[in-house]
Amino acid sequence: MVRAALMLFKKATTTTTTNSIIDVTRDLHRLRSIVEAFPKRPLPVTALQQGRSTNSRPDLNGVTVYTKPIFISTLSTVLDMYKWTQIEMSEAARKLTWLVVASTFDPLLSPQYYLPLDNQVTLAVWGDTPEKKGSFSGGPVQFWEVYQPTQSLPHRAILIGHYPLPPQQSPVGVRKSTMRDSGEESANPSYPSENYAYRRINLTGLHLRCLTETWEPFTHNTREEETGEQEGGRRGGLRIGGFMGEMFNLLSITLNFTYTCKSSPDGEFGDLKGGRWSGLVGEVVEGRGDIIVTGLDSSPARSKVIDFCYPSGNNVNILVIKKPGTDPWFSFTSQLRPKAWVMVVCFVVVATLAHLMLSSYSPFLNTSRPAQSWFNVQSLCSNQGDVNVDGVAGRIFTITIITTTFLLLSFYTSVFISSLTVPVIRPPFLNLQGLLKDGTYKLGLIEGNSEVERFRTAKDPILQKVWSSLVSKDPSNLVENMEVGLEKVLKEPFAMVVEGNYFNFHYSSDCRFFPLPDTFFKYGGGMALAEGSPYHSVLNLHSFNQHTVGLVERSKIKYLRQNADCQTDANATGPINMHTLITAFLFLGVMLMVSVVVLVIEIVTHKRNRKSRGRSRGRSRDISRDISRRNMRNSRDRSRGSWKDKEVDNNWTNTELTWNNMDPIVLVNNRGEGTVP
């Protein structure tokens with residue numbers, strides 16, 4: 001019969017070849033060595049590739065080649081293994097692919113024989129006249145599967161396919177040639193899909209110990225006594241809400257299992273501390289739970305000790321700080337970045353120097369001083385004043401200044417008009433690198449969450465420096481929960497690493513907080529089971545099917561909270577308040593004070609100049625009066641004929657009055673000597 005089963009297997013898998021097909025009845029020692037060589041965790045069946053096995057791969061010719069052996073045996077040999085050998089048959093059934101030949105599988109339904117939910121045993125039952133369930137005396141071959149969710153639950157047997165033999169053939173007398181050459185078959189054969197998770201959908205009342213923590217919108221947990229009701233398969237404990245709770249309850253109805261949920265003693269999700277796991281992960285690893293139902297994110301360390309299902313959603317980390325206030329001192333200068341303002345100043349200086357050079361060398365422009373060139377450039381920038389534009393060079397200069405000014409004003413005005421009603425918020429930094437450069441903020445993480453592990457084991461130099469400089473030095477930066485961390489954000493310079501979904505659910509309408517735009521650590525979050533759990537393949541597949549048909553997305557929409565958005569409120573237009581325009585009035589007040597000071601300086605300087613000019617003019621009048629008198633006296637003397645040269649002062653015989661603008665009058669004698677009277 002084993003030989004016939006071998007021929008049947010080759011007939012049923014004409015498109016596949018195998019590395020080895022082992023007849024267990026003849027080679028038990030090889031079976032023991034292979035079982036011991038396989039890893040502790042069974043190779044999972046991929047739920048996303050229906051009809052393909054994770055134990056096979058396509059070769060270069062497109063033919064499926066199995067990467068582990070197929071074991072063929074009779075049912076009596078398998079039962080003997082349970083009784084007399086040192087091989088744990090239940091574990092061997094999970095790790096290896098079996099084809100067991102039998103005329104009836106009734107003996108296997110005894111409580112002493114355990115075939116786990118994820119066993120890979122296919123029973124080929126031979127016969128043609130059904131006598132009772134699972135027993136045939138001859139005729140076509142039927143393929144059956146037998147499984148138990150747990151050893152205490154009854155066996156489940158399901159018919160998964162058949163292979164009709166020609167009437168003239170008998171199972172015992174089949175030869176290789178007749179098996180290959182006979183082409184007449186009574187009906188088309190039916191072979192089972194390689195993914196058993198599609199078929200094993202009745203868990204026969206299996207009870208799962210569920211572990212959960214509230215993490216909206218994934219889960220929202222309440223006590224059963226608070227609700228006063230029980231739904232689906234729950235038996236007291238916590239009632240799981242949120243879209244994951246709804247999908248998990250639907251799974252319990254579809255797959256026929258019950259569950260009881262509780263939270264972890266320390267309230268953490270799970271972190272490796274001193275070689276032991278805390279939180280939900282620790283409860284599963286220690287065997288105090290079967291499945292985790294919450295937005296548990298997959299991390300490298302966690303994946304080594306638990307098996308994750310298809311993610312229910314994506315978790316994204318963001319940085320949250322206290323919302324910065326708008327600075328009225330810079331409400332009219334924040335429209336441009338500092339580098340842009342430097343370029344504007346450089347443009348004004350270069351334009352002034354260009355005008356000064358142009359006025360000095362152009363034959364069509366009058367020579368101007370630096371102050372006048374600067375004033376002319378400002379007049380062009382504001383499109384005011386009367387500027388001479390004679391000459392081609394002057395016209396090119398004028399057009400260039402006006403065009404550049406128009407572009408600068410357009411860019412500035414477009415942002416300036418918006419900022420009059422929507423205050424521009426400038427955080428001190430935008431990402432983790434900016435947080436390091438700032439140096440005044442602390443960084444907070446939730447203790448027991450995966451972010452602690454990711455920062456601690458990061459290979460990125462920025463993340464390593466963040467951990468060593470901002471987190472590990474101060475244990476108080478590891479907070480108990482997000483609420484405690486956000487309180488610290490409001491009281492001190494503190495940046496909190498939060499999960500975006502949870503923050504948006506609870507705090508998107510709290511305008512005291514400011515989430516930075518940079519995101520990091522994007523990963524999937526969802527259910528997880530104990531390492532090597534026999535329920536993983538079935539729950540993973542049907543969880544994936546819930547996503548495929550859109551049930552999860554519809555449930556998400558129902559449980560997402562529509563909170564008021566601070567950004568939306570900030571963008572609402574309204575009357576401009578004094579806080580926005582304070583800079584304009586401050587500028588006006590400062591310039592008025594500067595003008596008054598300059599005016600006082602000008603008045604004082606002008607008075608001094610007037611007094612100095614008055615004294616100079618007084619001296620000039622006195623000298624002129626004396627000269628006039630002397631001239632009149634000399635004239636009278638000459639008219640009388642009593643002119644005498646000696647009577648005239650030898651030093652001032654020839655008098656000459658010279659004027660040099662506002663300088664005092666200088667008397668020069670005939671020897672070239674002069675003095676001021």
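Student: How many aromatic pairs does the count come to?
Tutor: The count comes to 16 aromatic pairs. Keep in mind that this is a predicted model.

Student: What are the rings of W215 and Y502 doing?
Tutor: Their centres are 4.4 Å apart and their planes sit at 25 degrees. Planes under 30 degrees apart count as stacked, so W215 and Y502 are a stacked pair.

Student: Where do W215 and Y502 lie in the chain?
Tutor: W215 is in the loop between strand 12 (206–211) and strand 13 (221–223). Y502 is in helix 17 (residues 500–507). The pair therefore ties together parts that are 287 residues apart in sequence.

Student: W215 and Y502: buried or exposed?
Tutor: Both W215 and Y502 are buried. They also belong to one aromatic cluster, together with F269.

Student: What about Y507 and F513, how are those rings set?
Tutor: Y507 and F513 are edge-to-face, with 5.8 Å centre to centre and 80 degrees between the planes. Y507 is buried at a relative accessible area of 14%. F513 is buried too, at 5%.

Student: New topic. Which rings does R454 sit over?
Tutor: One is F521: the charged end of R454 is 6.0 Å from that ring's centre. Another is Y523, where R454 lies over the face at 4.1 Å from the ring centre.

Student: Now helix 18. How many of its residues are buried?
Tutor: Helix 18 is mostly covered, with 10 of its 13 residues buried. Among them are H536, L539, S543, Q546 and H547.

Student: What span should helix 18 have?
Tutor: Helix 18 covers residues 536–548, and at 1.5 Å a residue it should span 18 Å. Its end C-alpha atoms are 18 Å apart, which agrees.

Student: What follows helix 18?
Tutor: G550 does, and its phi is positive, near 90 degrees.

Student: On to cavities. How many are there of 30 Å³ or more?
Tutor: The count is 6. The largest cavity holds about 80 Å³ of space.

Student: Which elements give two or more residues to the lining of the largest cavity?
Tutor: Helix 7 (242–255) and helix 18. Helix 7 gives the largest share, 5 residues. S543, Q546 and H547 are part of the lining, and those three are among the buried residues of helix 18.

Student: What classes of residue make up that lining of the largest cavity?
Tutor: It has 8 nonpolar, 4 polar and no charged residues.

Student: And the second largest cavity, what is its volume?
Tutor: About 60 Å³. The lining of the second largest cavity has 3 nonpolar, 3 polar and 3 charged residues. W215 and F269 from the aromatic cluster are included in that lining. Y523, the ring under R454, lines the second largest cavity as well.

Notes
Residues are numbered from 1 along each chain as its sequence is written. This is a predicted model: local features need pLDDT of at least 70, side-chain atom pairs count only at pLDDT 80 or more; totals for chains, interfaces and linings use all residues. Side-chain values use heavy atoms; hydrogens and water are left out. Rings of Phe, Tyr and Trp (its six-membered ring) pair if their centres lie within 6.5 Å; planes under 30 degrees apart count as stacked, over 60 as edge-to-face and the rest as tilted. Helices (H or I, at least four residues) and strands (E, at least two) are DSSP runs, numbered from the N terminus. Buried means under 20% relative accessible area, exposed over 50%, partly exposed in between (1.4 Å probe, protein chains only). A charge sits over a ring if NZ of Lys or CZ of Arg is within 6 Å of the ring centre and within 35 degrees of the ring normal. The expected span of a helix is 1.5 Å times one less than its number of residues. On a 1 Å grid over the protein atoms alone, a cavity is a set of points where a 1.4 Å probe fits but cannot get out, and a pocket is an open set with protein on both sides within 12 Å along at least five of seven lines; lining residues have an atom within 4 Å of a point. Grid points are joined across faces, edges and corners, and a volume is the space filled by probe spheres set on the points. Ala, Val, Leu, Ile, Met, Phe, Trp, Tyr, Cys and Pro count as nonpolar, Asp, Glu, Lys and Arg as charged, and the others, Gly among them, as polar.
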